[in-house]
Amino acid sequence: MDFSNKTTTIETLPRIEDIKFNPLANKYLHVMRIKTIITSLILLTAISIFHFSQEILELNEYLYIIAGILGLAIINLLYTKISFKHRAYSLRERDITYKRGYIFRSITTVPFNRIQHTEIKEGALSRIFSLQTVKFYTAGGATSDLQISGLNKEDANNIKEFVNTKIESYEK
Amino acid sequence: MKNKSLSSPNKLPIEGLAIIFFKAIYKWGRAIWPFIVIYIFKSSQYQAYKTHIYIGIGLILLLSLIHAILAYKHFNFQIKDGEFIVNSGYINKEKKSIPLDRIQTVNIKQNIVQQIIGVVQLEVDTAGSKKKELSLPALRKEHAKELENILLSKKDETLVEDETFQEKSTDKEKNNTLFSLSISELAKIAISDNIFKGGLLALSFTYGIYQQYNEIINERFANEIDNIQNTANTASWQLILFAVGVFIVFSIILSVIRIILINFELKLSQTSQGYKLEKGLFNKRSVIIPLSKIQTYTWTTNPIRKIFNIATITIKQASSDNVEERNAVHIPGCQASTEENIRKEIFNDSSTQEYDSHKTQAYYFMRSWAIIVLLPTIIIPFFVSSYNIIAGLITWNIVISVMLYMGFKKRKYRISKDYMIIQKGSISTSNKILPIFKIQAIRFKQSIFMKRKGRANLVIYTASERIAIPFVSEQFALETYNYILYKIEKKNLIWM
């Protein structure tokens, strides 16, 4: 194949912009919200303890900080809601793709023949909602590893099985 | 190792005991050196504790010795069922194993203690995300070389007879040297490289001084009262400039010495599998670079290197460690023609293919310029009115603007059927070439603002590094994305 063919070939190549994405489990939105709330609560408690024990902060300074934390939490909750729709994954015959983000969007694809191994992880909070995370390890450090959180247990297992079968078929 | 089989556990040679002992001492030394320094300088104050201190040192030595004996006794390695296995530890026993076909690099190193005792250290690395490294701290040189061959040949030792290894290793000795650097050549390279950096700094400072004196002279005539204050100002400025000058000269000298030490007696030779690089004075290092395992190849020049017609080659192999220095092999002072031959041998058809050239959009550099040049220029004069600082700011702006413009001119992405070349740099120029099929993963990044303008970022993940391609047209980004995936997935070629 000559290079000058590239432009013609490229139009017939499978296009990432055309693939259909599968959403994450809706329950995962709850997990993310609860995480935000817990983090804010921890911050609020910490600053309150600091304020009432040390008496360094003025009352109005303390209230500003509280308002700041609450404001950030609300923005975070709203953004989580908006961007949640944009978190999705897609399995093709030869690769797996994950996209995320609303203001800063990213799409990541890892071909199956570059995956070293897969792993299922389960956070404490996710376990309550029976959600799991599938992690795909590639060569060359953690930056290129792909991780998909917020999958229903059976989906996570199916994806892992599907990818593992593919990996094994490449290793032969 | 000649008569012993590797399939049963092997101990380190007895020199290993000494190496483990010295490593333990070194660790202690690193932990307590501030106290030692204090003691040496203020020994009179601690006279009363003299015995305590000697007992302490004695205890450290004794503990280190016991540790060394136990560690030595429980340390063994073997090759079994296609895996390289190292057992270590006496309290917490640890068994590390690496399948031979997952081994990416085998390094032979020698620090100063190992050089004195006459042993080498062998390090094995794989390319998984989970950190996996094995290290044998002391081996006799010829055994290390044998083991290196066995490990890199990916074969179970039990399947191959010992004699073949003997032949193989003698065969390896006959490899032909591509080039080597004498100490004077090396010094020239190091000095020319650093003088360039230093020269630029010196230039900007001289400019700063010139500006400053101009102002002082003007001010003196304009206002006699400010005179005293100005002299005081000048004195401190001169002092600062002098200190900075000394610092620059000193750091250049140190850097030159460092480069000479690291690259001392550099020798690049060709072996049956690829290349072999040996270098270093206090820390000797020998690396075998099999052609098939090379992930990216970079050649760098700068105006001074161009006069000498030399380039620095940086080769990266897959590594579980993403720390730059660990997996990068630097070969400085390579003649341009030699460099080209090496590149042709590694990627044999890379020079004959046709390349499509693309650029990062000027907007990206304009944005950087706005942030690091324009913004400070607007803000700083509000807070400082000193002419010196403003003169410095102007110098800074000129230097940065020129660098950014050069960076914009140089940044290019060329894509052919099988390769990708990323060119960048400001004063120096580096070109990184990688075979497209060796890419591990790819990411497309875009903010909603970029989407409106039809721009996007691409990030390419190879087994050795992350390569960013910022601010290209959305269409180019998507086309490249799809093409890269097509190249990886079309054939299941071995990438390591």
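Predicted model: local features only at pLDDT ≥ 70, side-chain atom pairs only at ≥ 80, totals over all residues.
Let's start where chain A and chain B meet. On the chain B side, 36 residues are in contact with 33 residues of chain A. Which elements of chain B give two or more residues to this side? They are the strand β18, covering residues 441-447, and the helix α14, covering 474-490. The largest share comes from α14(B), which puts in 9 residues. If you sort the chain B side by class, you get 15 nonpolar, 14 polar and 7 charged residues.

Across the boundary, β18(B) pairs with strand β4 of chain A, residues 104-111. The two strands run in the antiparallel sense, and 6 bridges join them.

What holds the contact on each side? From α1(B), the residues include B:Leu17, B:Phe21, B:Trp28 and B:Tyr39. From α2(B), you can pick out B:Ile53, B:Ile60, B:His67 and B:Tyr72, among others. By class, the residues of this contact divide into 14 nonpolar, 3 polar and no charged. B:Gly16 of α1(B) and B:Ser64 of α2(B) also belong to the contact.

Finally, hop over to chain A. How is this chain divided into domains? The domain assignment gives domain 1, residues 27-83, and domain 2, residues 89-171. Taken over C-alpha atoms, the centres of these domains of chain A are 31 Å apart. The two do touch: 8 residues of domain 1 are in contact with 8 residues of domain 2. On the domain 1 side, α2 (27-54) and α3 (59-84) of chain A each supply at least two residues. The helix that gives the most is α2(A), with 6 residues. That side of domain 1 has 4 nonpolar, 2 polar and 2 charged residues.

Key: Residues numbered from 1 in each chain as written. Chains lettered and ligands numbered in written order. Contact = placed C-beta atoms within 7 Å. Helix = DSSP H or I, 4+ residues; strand = E, 2+ residues; numbered from the N terminus. Nonpolar A, V, L, I, M, F, W, Y, C, P; charged D, E, K, R; others polar. Pairing = 2+ DSSP bridges. Domains from an automatic or database assignment.
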